[in-house]
Each structure stands twice: as C-alpha cells, then as structure tokens.
Amino acid sequence: MSQTCDVVVLLSGSGSNLQALIDSTRTGDSPARIAAVISNRADAYGLQRASDAGIDTRCLDHKAFEGREAFDAALIELIDAFNPKLVVLAGFMRILSAGFVRHYQGRLLNIHPSLLPKYKGLHTHQRALEAGDTEHGCSVHFVTEELDGGPLVVQAVIPVELQDSPQSLAQRVHSQEHLIYPMAVRWFAEGRLSLGEQGALLDGKLLAASGHLIRT
Ligand code: GRF
C-alpha cells in the first residue's frame, strides 16, 4: 500500500465526527492515520475522545491571541509540526483567515450539516424545517476562502419527515455525517480525491457541483 496519510483534526466540541474518523481509521486497512487532534477549547469533549484513543492532543486558546491572524499563524505552526497531508475540520467553530485557508489549499476538508449551497452558517436544521424542505442532509467540501462555500465532495440526502423537529432532524443528519466524512477522508488518503481548478476530482474526474450524492 502507498504511504500512510497523516491527518490533523481540528474541533471545538463533542467530536462525534472525530469518533467516526477514529473508528474508521482503526481498521487494519485504513490508509489514513490521525496524527493529532487540536481544539481551541480546553473543555471540548473531542479532546477526551482523542486521548482515549491514544491520539496526541493540543489546545490553542484563541482568546490568548490579539486577533484572528495571530491565532491562525500559531495554529498553522502547531498543525505543521505534525506534518499532515490532510487537515480535517470537525466542528471547529472558528472562521479561518484567508492566509490559513490558502496555506492548506487542496488539503483542508470541512463537514457542514446542510445540503450546501443551502443554509451556510448556523441553525441549518431549523432553517430547513422553516422553509418546508422535503429533503435535507450534510455536505463534505474542500475549504476555500468563502465560508461553507468550497467545492463539494459528497452529500448525503435524507427525507424530512412531517413530525421532524430540529433535534430529530439533526440526529438523523449526524448519523449520515458519520458515514460520509470517513468516506471522503479515505478517498483523499487513497489519493483518489483532489482539488482541481474547476472543482473536486474523484479518480481524476470532475465531480458534479453537488459532489457525489448519497440518498437514503
Ligand atoms: C457537525 O454537525 C458538523 O456538521 C458541524 O459541526 C458539528 C460537529 O459535531 N461542522 P461533532 O462535534 O462532530 O459531534
């Protein structure tokens, strides 16, 4: 097999997506290895999940820095000490500076709980319900300078049920996140997924604007 793909995961919260990635990289044939988990919050449960799995953890408190640029510069230094091929945002609640995004261009992935380009930002489940959408879901995308706006890699689409609340919808979307994020990371680690000038490429072919679609 080709070389292992070292991954650094950034998060701020519970880290259920991290857990899905940990579980998927524990199988003997995984081409990816989580080299470190970094949080801007010391109380993020994701850090506990990482240390339980024997993964290196670091905390970098954004409040200790003068501004976004200074924090992002320190974050880059911390990440690059692990020399990752891929950086994965898994509920990292920080807006990233243009310099940070450019530094990791083509090797920075994010997951978002909506069918992008719909519902960038927060409260996506509630917004989908308020709009009367019949379908909702989640998206993995390459990160570019536009917030929640980079080329899509994969989307999971689920039906919205009549009796859904934001919580019930969030729960079903979360389960899909736990499937599609490890899938996208694996594609990247296998060298199958890359960012081209026109968008995301899988096996050398340009993906549709929606990315690879999975319907349940
Ligand atoms: C997920 O909903 C993800 O889509 C968003 O942040 C949340 C992180 O959840 N970017 P968790 O910490 O992985 O449980």
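The centres of domain 1 and domain 2, taken over C-alpha atoms, are separated by 20 Å. Domain 1 covers 1-104 and domain 2 covers 112-216; such bounds come from an automatic or database domain assignment. Across the boundary, 21 residues of domain 1 are in contact with 15 residues of domain 2. Contact means heavy atoms within 4.5 Å.

The model is predicted: local features need pLDDT of at least 70, side-chain atom pairs count only at pLDDT 80 or more, and totals for chains, interfaces and linings use all residues. Residues are numbered from 1 along each chain as its sequence is written, and side-chain values use heavy atoms, with hydrogens and water left out.

**Overall form**

The protein chain has 6 helices and 11 strands. These are DSSP runs numbered from the N terminus: helices are H or I with at least four residues, strands are E with at least two. The radius of gyration is 17 Å, close to the 17 Å from the globule rule for 216 residues, so the chain is as compact as a globular protein of that length. That radius is taken over C-alpha atoms, and the rule is 2.2 Å times the number of residues to the power 0.38. The C-alpha atoms fill a box of roughly 50 × 40 × 35 Å along the principal axes.

The accessible surface is about 10,500 Å², and 51% of it belongs to carbon and sulfur atoms. Areas come from the Shrake-Rupley method with a 1.4 Å probe; for residues, only the protein chains shown count as cover. Of the 216 residues, 48% count as buried. Buried means under 20% relative accessible area, exposed over 50%, and partly exposed in between (1.4 Å probe, protein chains only). Among contacts between residues at least 6 apart in sequence, 65% join residues at least 24 apart.

**Cores**

A nonpolar core is a set of buried Ala, Val, Leu, Ile, Met, Phe, Trp, Tyr and Cys residues joined through side-chain atoms within 4.5 Å. The largest has 40 residues; Val9, Val37, Val140, Val153, Tyr181 and Val185 touch the most other members. H6 gives the largest share, 9 residues. Domain 1 and domain 2 each supply at least three residues to this core. Another core, of 22 residues, lies apart from it and includes Ile38, Leu60, Val101 and Tyr104.

H1 (residues 16-25) buries Ser16, Asn17, Leu18, Ala20, Leu21 and Ile22. Their cover includes strands E1 (5-11), E2 (32-39), E4 (86-89) and E5 (108-112), along with helices H2 (45-52) and H6 (166-189). Ser30 sits in the loop between H1 and E2. Ser30 counts as buried because its relative accessibility is 14%. Leaving out residues up to four places away in sequence, Ser30 touches Ser24, Thr25 and Arg186.

**Aromatic pairs**

Rings of Phe, Tyr and Trp (its six-membered ring) pair if their centres lie within 6.5 Å; planes under 30 degrees apart count as stacked, over 60 as edge-to-face and the rest as tilted. The count is 2.

| Pair | Centre to centre | Angle between planes | Class |
|---|---|---|---|
| Phe65 and Phe71 | 5.6 Å | 70° | edge-to-face |
| Phe100 and Tyr104 | 4.9 Å | 55° | tilted |

Phe65 is partly exposed, at 28% relative accessible area. Phe71 is buried, at 1%. Phe100 and Tyr104 are both buried.
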